[in-house]
Amino acid sequence: MRYRLLAGAISLAFLLAAAAGLVPGHGASPEGPLASGHSSLHVQEKLMNWDIIFLQARIYLGRLPAIMPGSEADTPERVALGKKLYFDRCISINKNKSCHDCHLLTQGRAGADVTPTSQGATGISGKRNAPTVINAGFQFTQFWDGRAHDLMEQAKGPILNPIEMALRTPEEVIGCLRKEKGYFEAFRRAFPGDSDPVSFDNLARAIAAFERTLVAPGRFDRLLDGQKNALSSQEKRGLTKFIQYHCVECHGGVTVGGQLYKIIGLRRPYSGTDDLGRYEITQKVEDRFVFKVPMLRNVTRTAPYFNAGQVFTLEEAVTLMAWHQLDRRLTAGDITDLIAFLRTLEGNPPRVEEPH
Ligand code: HEC
Ligand code: HEC
């Protein structure tokens, strides 16, 4: 929303930047994306214009808000219930899978798992990589294909998904909770005044309330707050390239992505996936290989990458991005600078301990 509202301001700033010679054209590159290339831009000189980059970063990206949208009605009781449910394996077919098993949050983990695709409750793996739940509620939709509108709708998905938690009906989920000690009381406290508090909708509401506490700003936000020394000169160079090379056109907004859909292979065809992405939801030809542009907050901590976790290192992910989305061949220096910037997006939410 905020991102769209800023569209006008963005084009204005872009014009300004273009006038200042800060926005280079797309240069065609003769060889493959993983080949090393020559220095493609005299970024050093243009770094003089740091004030303009700083302004652009504020306009295109922006500081992570302290509170996630939708959290107005979240009470401590609701968050506590959501957290208990998030860690509870009871809501899976063989009582062997919780949300937390695929989206780890304890011991400094970054809200995802470490495998290309995660194994569900029946031992079968899905076809997609698990994104992080940290900061997820700031995105404009949920899932790689955007099929869930928000966190509440999303939370119902995996519980009933035959290859994730694999329960068959909402009644089965609720039936399991009714048998567990303490849940009735916890639901009653979380949803006071509700005549039937233990419901599938309330379960999803509570999990979403817990996820909305997972707000995790990083050093980048300190920079935007005005602490100009929050980033090293290499990190600033990385941010400059992120903007000047047009990464920001897709990975925009406060989550540095997660605000629009785009095709993978925009400028040069990408043959690394047979997942049709949004096409599976809309059945529109133009949506083939279109995905929600992933957010890059904490991306340095959520390898492997891309929709099926088919890319193992950030170096390769960044290289492939420049090639397939922007027709640009990066130098070794570009790659390390861009990754240095991405590291400033690391952040931890308030500490999460496994409930007893
Ligand atoms: C078996 C592993 C597994 C389990 C269990 C699981 N997830 Fe996920 N989660 C995934 C995968 C894989 C995706 C991506 C699926 C897709 O986009 O089609 C995902 C996507 C998400 C997203 C969307 C993030 C984004 O950026 O789009 C959220 C939020 C999320 N899961 C929360 C949960 C919650 C809450 C639970 C428990 C109710 C849960 N997950 C259970 C693997 C799992
Ligand atoms: C035209 C839009 C577009 C542009 C421009 C773009 N990206 Fe992406 N980016 C995407 C999409 C779409 C994906 C998901 C690809 C997939 O999974 O198949 C993605 C994925 C990524 C990932 C992997 C994230 C993850 O969690 O798996 C990284 C890292 C990334 N981009 C960085 C960059 C950088 C750095 C640039 C600039 C050099 C850039 N992107 C330019 C659209 C774009």
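Is His100 buried or exposed, judged by the other C-beta atoms within 10 Å? His100 is buried, because 20 other C-beta atoms lie within 10 Å and the cut-off for a buried residue is 20 or more. This is a predicted model, and the protein in it has 16 helices and two strands. Of its 356 residues, 43% count as buried, and among contacts between residues at least 6 apart in sequence, 73% join residues at least 24 apart.

- His100 lies in helix 6, and, leaving aside neighbours within four places in sequence, His100 is in contact with Tyr86, Phe87 and Leu105.
- The C-alpha atom of His100 is separated by 8.6 Å from that of Ala112, a residue twelve places apart from it along the chain.
- Ligand 1 is surrounded by 25 residues, of which Cys99, Cys102, Phe143, Trp144 and Pro158 are the closest.
- Helix 6 (99-102) and helix 7 (151-160) each supply at least two residues of this shell, and the largest share, five residues, comes from helix 7.
- By class, the shell around ligand 1 divides into 14 nonpolar, seven polar and four charged residues.

**The crossing of helix 5 and helix 10**

- The axes of helix 5 (residues 76-86) and helix 10 (residues 200-211) come within 7 Å and cross at roughly 100 degrees; the two helices are therefore roughly perpendicular to each other, since angles of 65 to 115 degrees are classed in that way.
- On the side of helix 5 the contact is made by Arg78, Val79, Leu81, Gly82, Lys83, Leu85 and Tyr86, while helix 10 contributes Leu203, Ala206, Ile207, Ala208, Ala209 and Phe210.
- Sorted by class, this contact has ten nonpolar, one polar and two charged residues.

**The loop between strand 2 and helix 15**

- Most residues other than glycine have a negative phi, and most peptide bonds are trans.
- Ala303 and Pro304 are joined by a cis peptide bond, with omega about -5 degrees, and Pro304 lies in the loop between strand 2 (290-292) and helix 15.
- Phe306, which has its place in the loop between strand 2 and helix 15, has a positive phi of about 70 degrees although it is not a glycine.
- Phe306 is buried, because 23 other C-beta atoms lie within 10 Å.

**Helix 15 and the residue that follows**

- The 13 residues of helix 15 should span 18 Å at 1.5 Å a residue, and the end C-alpha atoms are 17 Å apart, which agrees.
- Helix 15 is mostly covered, with eleven of its 13 residues buried; among them are Leu314, Met321, Trp323, His324 and Leu326.
- The cover over the buried residues of helix 15 includes helix 13 and helix 16.
- Helix 15 is followed by Asp327, which is found in the loop between helix 15 and helix 16 and has a positive phi of about 55 degrees although it is not a glycine.
- Asp327 counts as partly exposed, because it has 15 C-beta neighbours inside 10 Å.

**Helix 16 and Phe341**

- At 1.5 Å a residue, the twelve residues of helix 16 (residues 332-343) should span 16 Å, which agrees with the 17 Å between its end C-alpha atoms.
- The buried residues of helix 16 are Asp334, Ile335, Asp337, Leu338, Ala340, Phe341, Leu342 and Arg343, and these pack against helix 12 (233-244) and helix 15.
- Phe341 counts as buried because it has 26 C-beta neighbours inside 10 Å.
- Not counting residues up to four places away in sequence, Phe341 touches Glu235, Gly238, Leu239 and Phe242.
- Phe341 and Lys236 are 105 residues apart in sequence, yet their C-alpha atoms are 6.8 Å apart in space.

Terms used: Residues numbered from 1 in each chain as written. Chains lettered and ligands numbered in written order. Predicted model: local features only at pLDDT ≥ 70, side-chain atom pairs only at ≥ 80, totals over all residues. Axes fitted to C-alpha atoms, helices over the stretch in contact; angles between N-to-C directions. Helix = DSSP H or I, 4+ residues; strand = E, 2+ residues; numbered from the N terminus. Parallel < 35°, antiparallel > 145°, perpendicular 65-115°, else oblique. Contact = placed C-beta atoms within 7 Å. Nonpolar A, V, L, I, M, F, W, Y, C, P; charged D, E, K, R; others polar. Near = placed C-beta within 6 Å. Expected span 1.5 Å × (residues − 1). Buried ≥ 20, exposed ≤ 12 C-beta atoms within 10 Å, placed from the backbone.
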